[in-house]
2 protein chains.
Amino acid sequence: MKIVAAKKILKANDQIAEENRAKFNAAGVFAVNVVGSPGSGKTTLLEALFAQLKGRLRPAVIEGDIAGVIDAQRIEALGVPVVQISTQGACHLDALVVAAAADGLDYDSIDLLFIENVGNLVCTAGFDLGEHLRIVVLSTSEGDDKVVKYPAIFQGSQALFITKTDLLPHTNFDPQRITADMKRLAPDAEIFQVAALSGEGIPQAADWLAGKVKR
Amino acid sequence: MKIVAAKKILKANDQIAEENRAKFNAAGVFAVNVVGSPGSGKTTLLEALFAQLKGRLRPAVIEGDIAGVIDAQRIEALGVPVVQISTQGACHLDALVVAAAADGLDYDSIDLLFIENVGNLVCTAGFDLGEHLRIVVLSTSEGDDKVVKYPAIFQGSQALFITKTDLLPHTNFDPQRITADMKRLAPDAEIFQVAALSGEGIPQAADWLAGKVKR
């Protein structure tokens, strides 16, 4: 086997991210950057968390997508305020576009802001959006080698949500392998196993999130 | 719902891609760029195709990964020549790094070259590697909204492999929706439904690929 080395992504938006975080702090809004592969179940996870957090917290969502408004429509249908970012091809959100989107939010009616990033385990890793917490979502159907193959996104996340645990009997996914790999890269990260459609594991995750938000 | 527009990825490697294609043509090698989300089943699909094509074609693989050599080891274990590209953070292969990797191949013993791209439904869309054919892999567990949400990668592909059809009974994935969306974006694309682990649909796909390769 031969190995050829290529190039490196550069980061340059940290200052704007700090400004976003300062704005969120001043407004008493806790911001969560949600990353994961296409189809890992990010939007379905949010839907399940919103049902569980109803009456306890006032959430809002910034939706990042290459194209279309499918996810934003799902969030809007729940009565949760949403701003759609159309990246027009870009594979990740950055702090600048999040700043523009956040201008569309009514901070007075929000405590918890989810920023659902573009479905991507790579590009999203390098860009601080000004969030307080980054959640990485990995579904059981994606395979249990993903922490090893895409280390940056896992290493920089403060929580791992293993989703679609209802598919575990039908896959060769080993949650113990993923958990061990994650603990090696990010020893302090929280790890949740959830099946958002059935609600399994969602109450615990919602309680944990609620505990993060200062009222 | 508010919509904020962001930026666009630029492409700049088309000339090198043409040089790669000319080299492949001169060597009588048919090159296939395989794209798809992390965990969509790209490597497992290749393993299944190699088993089916044994004795008929002489394959080789260029493996693109952010980090690690897990996939390359799987290919090497089958006795198929493989060159690993480590992108060190980059979310896609480009023609230049493929040119470097292809220098490590023995063209005289190859007819069919798979270039397994980094797991990514976005960045990989914009970069011609010099292939003759691009296959996009989408697993049933990723959801049937992906063609609408990530149109560029599907539009520019000449074949769609719907993988993990063995999980269909356990998901809400509608193959007819994906097929209709794909036919709208890429009317001439071939569409295969496969379960690589059980081998379902693999013989037909292998025959189709073999037909593409001029001996």
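Reader: Which residues touch the most other members of the largest nonpolar core?

Author: This is a predicted model, and in its largest nonpolar core of 130 residues, A:Leu113, A:Ile115, B:Leu113 and B:Ile115 touch the most other members.

Reader: Okay, over to B:Glu190. Why is B:Glu190 called partly exposed?

Author: Count the other C-beta atoms within 10 Å: B:Glu190 has 18. Buried needs 20 or more and exposed needs 12 or fewer, so with 18 B:Glu190 lands in between and is called partly exposed.

Reader: Where does B:Glu190 sit, and what does B:Glu190 touch?

Author: B:Glu190 belongs to strand β8 of chain B, residues 190–193. Not counting residues up to four places away in sequence, B:Glu190 touches B:Gln158, B:Ala159 and B:Trp208. As for B:Thr43, it is 147 residues from B:Glu190 in sequence and 20 Å away in space, C-alpha to C-alpha.

Reader: How do you know that chain B meets chain A, and which elements of chain B are involved?

Author: By contacts: 54 residues of chain B are in contact with 54 of chain A. On chain B's side, β1, α3, β4, α4, α5 and α6 each supply at least two residues. β4(B) gives the most, with five.

Reader: And what is that side of chain B made of, by class?

Author: The side touching chain A has 29 nonpolar, 15 polar and ten charged residues.

Note on methods: Residues are numbered from 1 along each chain as its sequence is written. Chains are lettered from A and ligands numbered from 1 in the order in which they are written. This is a predicted model: local features need pLDDT of at least 70, side-chain atom pairs count only at pLDDT 80 or more; totals for chains, interfaces and linings use all residues. Two residues are in contact if their C-beta atoms, placed from the backbone, lie within 7 Å. Helices (H or I, at least four residues) and strands (E, at least two) are DSSP runs, numbered from the N terminus. Ala, Val, Leu, Ile, Met, Phe, Trp, Tyr, Cys and Pro count as nonpolar, Asp, Glu, Lys and Arg as charged, and the others, Gly among them, as polar. A nonpolar core is a set of buried Ala, Val, Leu, Ile, Met, Phe, Trp, Tyr and Cys residues joined through C-beta atoms within 7 Å.
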